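Hi,

Here is the structure I promised to pass along. Have a look at it first, and then read on for what turned up.

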Amino acid sequence: MADRQPSLADICVFVLAEVNAMDAGVADDDPLQYQIWRLKAAAEKAIGDGMAIARQISDTVKVMKRDQEAMK
């Protein structure tokens with residue numbers, strides 16, 4: 001049986017879990033603590049920005065479909 005490709009939802013859940021775990025187990029006195037926090041914040045921002053762009057594109061398609069239907 002061929003391996004199936006992971007769905008977008010599977011990938012999202014995996015990535016969100018990985019980002020959430022980035023600072024797990026980092027001690028308060030860890031010299032990398034602030035770098036890890038900054039990288040985690042950058043990853044969270046990238047995810048949020050990407051989702052916002054995808055939402056805008058999805059909304060644009062909805063409007064296009066609605067306009068096309070109204071012209072019939």
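Below are some notes on how two of the helices pack. Keep in mind that this is a predicted model.

The pair in question is H1, covering residues 8-20, and H2, covering residues 33-70. Anything over 145 degrees counts as roughly antiparallel, so that is the label for H1 relative to H2. As for handedness, the crossing of H1 and H2 is left-handed.

Who meets whom? On the H1 side you'll find Val15, Leu16, Val19 and Asn20, and on the H2 side Lys40, Ala43, Glu44 and Ile47. Sorted by class, that contact has five nonpolar residues, two charged ones and one polar one.

H2 itself has 38 residues. From first C-alpha to last, H2 reaches 55 Å, close to the 56 Å expected at 1.5 Å a residue. Its buried residues are Gln33, Ile36 and Lys40, and the buried residues of H2 pack against H1.

Lys40 is the one I'd click on next. Leaving aside residues up to four places away in sequence, Lys40 touches Val19, Asn20, Met22 and Asp23.

Cheers

Definitions and conventions. Residues are numbered from 1 along each chain as its sequence is written. This is a predicted model: local features need pLDDT of at least 70, side-chain atom pairs count only at pLDDT 80 or more; totals for chains, interfaces and linings use all residues. Side-chain values use heavy atoms; hydrogens and water are left out. Axes are lines fitted to C-alpha atoms, for helices over the stretch in contact, and angles run from 0 to 180 degrees between N-to-C directions. Helices (H or I, at least four residues) and strands (E, at least two) are DSSP runs, numbered from the N terminus. Angles under 35 degrees count as roughly parallel, over 145 as roughly antiparallel, 65 to 115 as roughly perpendicular and the rest as oblique. A crossing is left-handed if the near helix is turned anticlockwise from the far one by less than a right angle, and right-handed if clockwise. Contact means heavy atoms within 4.5 Å. Ala, Val, Leu, Ile, Met, Phe, Trp, Tyr, Cys and Pro count as nonpolar, Asp, Glu, Lys and Arg as charged, and the others, Gly among them, as polar. The expected span of a helix is 1.5 Å times one less than its number of residues. Buried means under 20% relative accessible area, exposed over 50%, partly exposed in between (1.4 Å probe, protein chains only).
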